[in-house]
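Here are my notes on the two-chain model, jotted down while clicking through it. Have a look at the structure first, then run through the points.

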Amino acid sequence: MEQLIQSVVNGLSLGSIMALSAIALTLTYGILRLSNFAHGDFMTLGAYLTLLFNSFGLNIWVAMVLSTLCVIGFALFTEQILWARMRRGRTTSTTLIIISIGLALTLRNSIILFWGAGPQNYDLRISETLNISGIRVPFNSFVVMGMAIAAIGLLHWVLQYTKVGKAMRAVADDIDLARVTGIDVDRVVVWTWVLSAGLTGLAGSMLGLLEKVNPNMGWFMILPLFASVILGGIGNPYGAIVGAFIIAIAQEVGAGMSQTLGPLYVTLLKNSFLYPIVRLMSADYKIGIALVIMVLVLLFKPQGLFRGTM
Amino acid sequence: MFSYLFSFDSGILTYVSFLITNIAIYAMLGLGLNLQWGFTGLINFGVAGFVAVGAYGTVVLSMRGVPLPIAMMVGGLLAAIFGLGLGIATLRLREDYLAIVTIGAAELVRLVINNESLVDGKPGAIGINGFPLPLANFRPDIFTRYGMVLLLTGVFGLALWKLGDWGRRRLGSVRESKNKVWLTAVTGVGALVLVRADVVVTMAMLNFRDNQVVNGLLFCSVLMAALVFLLVETLVRSPWGRVLKAIREDEEVAKALGKNVFSYKLQSLMIGGFITGIAGAFYAWQQSNVYPDNFKSDLTFNVWILMVLGGAGSNPGVAIGAAIFWIYTTLTRDLSKLFPMIPTSQIDAFRMVFIGLLLIGLMVWRPQGLLGNRAELTLGK
């Protein structure tokens, strides 16, 4: 039981990061109609830029803010040279997907070129792990959850109460209708990138607090993130939050299953009929759990749990 | 560089044989993907997963005593079934879902071959070696060797004839004399490469016993690539292939004509997957020991770039793309000899940065690649 709570707590801290990143993905997906396969590598970029500023001797929080700003700048740069011109040319969504995977390859390997392939750590004071009646919670997890709540609160305010946010929702619903009502669509596109890349860069930097910074950290998040977005309804940021927490908790509970069940797990593993299912519930196959959830969603509820915009 | 084209040094000849084998294998991989993306518009980002299923299926079965051709066919079938599973979940829905799921499934396959023990209780991470290779114990007499030479010369001769035919037709349609010179030069280089390849394989077959493993695989892979090429050319020229193209251009039109779009897409994904799985068997034989790291996503994108470069939707284009890809790989491998102080992981990263940028550039400026048909690929856009 204790182990189960431990897994859920781990899921909550991973889920906060995934929630931020999934919101970002769902915004570009729903508003710009771009399924951005370079999304995970934008997260990696955020983590490495934080690492870079941190290595200059800057405080980690300052480094994270600077890195987030740089990721926003980079996203606007790709919008300028790539996405804007593709949209004008009415490029098909499949072509956009291949362009984004090309961008993902370029980004990931540029990072390897500059920083090397090995895992690295931020320069942090050794952070303590709190022990709450047997549940171990690293202090960084609290920080991550707190930052995620603050970022989500800010986003909620922007989307619901500012003019830009309302315009973004209008564009997501129907771009042509939004344009004829006089909304400046180009401005909305820029703001979408600012919000989305900001959340992505922040999420990547935060992921570096929980695990080692490595060139594949974002790439391997692509499947769980898309799964969260589809589960929550494409284009629906609140749905993306729910989807991200469901997937993150499922992954962590699955990964902790052998400790949760103890000897029973070993007994079940010996049953050759159950073996594939039981084996999937382990830390070795986290991505498998996300994949299974994704396939189940596509088979039984492809429109997602909540109303999307597509 | 010119030594690869003209030298008769035995080291160079062996290396060129190795290159031809690789080109044949990557051409098969490209042809499988081309059926899926080039002709049907399906985004398969999990090529490495299909290759792994085919390779491990073949290797594990053949180590349990199943004859190689049967093991290879079963490996291909397993890859097709892998495609069936992914297709059922995604192909009724938006086109990007297949892309997402194939990335995840390929990674899952790599984790399975890494974490599970598939042979003799040895951990998967250390890889598998010592599996049977095609024609490794084959002792052809002189007549059989001439027969093999004749078969392969037939393959290269056919390619040469097609090239000449293409050059002549294009020459008739080109007016500017500058373009005529270019076209003649390109055709000439192509012919030279084909003749050189034929000379190398002829020498390899006549001296079969010098290196049975390498020569046996060379023979089998060139022959299989030719068979696969004929198969996909026949398929895409059939009424079935025309339906695929219609789906690529506009799904709604195909639907309105009463075609079961889902079923056609599924068939294309499975046949493409079968071809990729067969190529996977050759991929394993060529390495002669397989490791989970051989099946990372880099493999997928190498196949993508050769297909897009050669020309999605054109099978001869993909074959040429495979050749260009391997020439590029050879040249950049020599690059690492020139700069020994740069670690190989950095050089690999540099190669992949270039491939990523090339993929973006091609999709932006020349989505038809070298030989694709732009009017056909961008109809109504």
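1. Charges in chain A. The 19 positive and 13 negative charges of chain A have mean positions 4 Å apart. Lys and Arg count as positive, Asp and Glu as negative, with His and the chain ends not counted; each charge is placed at NZ of Lys, CZ of Arg, CG of Asp or CD of Glu. In chain B there are 30 positive and 21 negative side chains, and the centres of those two sets lie 6 Å apart.

2. Ground rules. This is a predicted model, where local features need pLDDT of at least 70 and side-chain atom pairs count only at pLDDT 80 or more, while totals for chains, interfaces and linings use all residues. Residues are numbered from 1 along each chain as its sequence is written, chains are lettered from A and ligands numbered from 1 in the order in which they are written, and side-chain values use heavy atoms, with hydrogens and water left out.

3. Secondary structure. Chain A has 14 helices and two strands, and chain B has 15 helices and two strands. These are DSSP runs numbered from the N terminus (helices: H or I, at least four residues; strands: E, at least two).

4. Overall dimensions. Along the principal axes, the C-alpha box is roughly 65 × 50 × 40 Å for chain A and roughly 65 × 60 × 50 Å for chain B.

5. Burial and surface. Of the 310 residues in chain A, 56% are buried; for the 381 residues of chain B the figure is 53%. Buried means under 20% relative accessible area, exposed over 50%, and partly exposed in between (1.4 Å probe, protein chains only). Chain A exposes about 13,300 Å², with carbon and sulfur atoms supplying 66% of that. Chain B exposes about 16,900 Å², and carbon and sulfur atoms again supply 66%. The areas come from the Shrake-Rupley method with a 1.4 Å probe; for residues, only the protein chains shown count as cover.

6. Contacts along the sequence. Take contacts (heavy atoms within 4.5 Å) between residues at least 6 apart in sequence: in chain A, 78% of them join residues at least 24 apart. For chain B that share is 79%.

7. The cores. The largest nonpolar core has 194 residues, and B:Tyr26, B:Phe45, B:Phe282 and B:Trp304 have the most contacts inside it. Helix α2 (residues 10-38) of chain B gives this core its largest share, 14 residues. Another core lies apart from it, with 11 residues, including B:Val236 and B:Tyr264. A core here is a set of buried Ala, Val, Leu, Ile, Met, Phe, Trp, Tyr and Cys residues joined through side-chain atoms within 4.5 Å.

8. Across the chains. Leaving aside neighbours within four places in sequence, B:Trp304 contacts A:Ile98, along with B:Leu33, B:Trp37, B:Ile43, B:Asn44, B:Phe45 and B:Val47. B:Thr90 sits in helix α4 (residues 68-90) of chain B and is buried, at 1% relative accessibility. With residues up to four places away not counted, B:Thr90 touches A:Leu298, B:Tyr97, B:Leu98 and B:Val101.

9. Buried or exposed: which is B:Phe8? At 51% relative accessibility, B:Phe8 counts as exposed. This residue is in the loop between α1 (2-6) and α2 of chain B. Its contacts, leaving aside neighbours within four places, are B:Leu13, B:Arg196, B:Val199 and B:Met203.

10. A:Val164. This one is in helix α6 (residues 163-173) of chain A, buried at a relative accessible area of 15%. A:Val164 touches A:Arg187 and A:Trp191, not counting residues up to four places away in sequence.

11. Backbone points to look at. B:Leu135 is not a glycine, yet has a positive phi of about 55 degrees; B:Leu135 is in the loop between β1 (128-129) and α6 (142-173) of chain B and is partly exposed at 27% relative accessibility. B:Ser288, also other than glycine, has a positive phi near 60 degrees. B:Ser288 is in the loop between α11 (261-287) and β2 (289-290) of chain B, and at 33% relative accessibility it counts as partly exposed.
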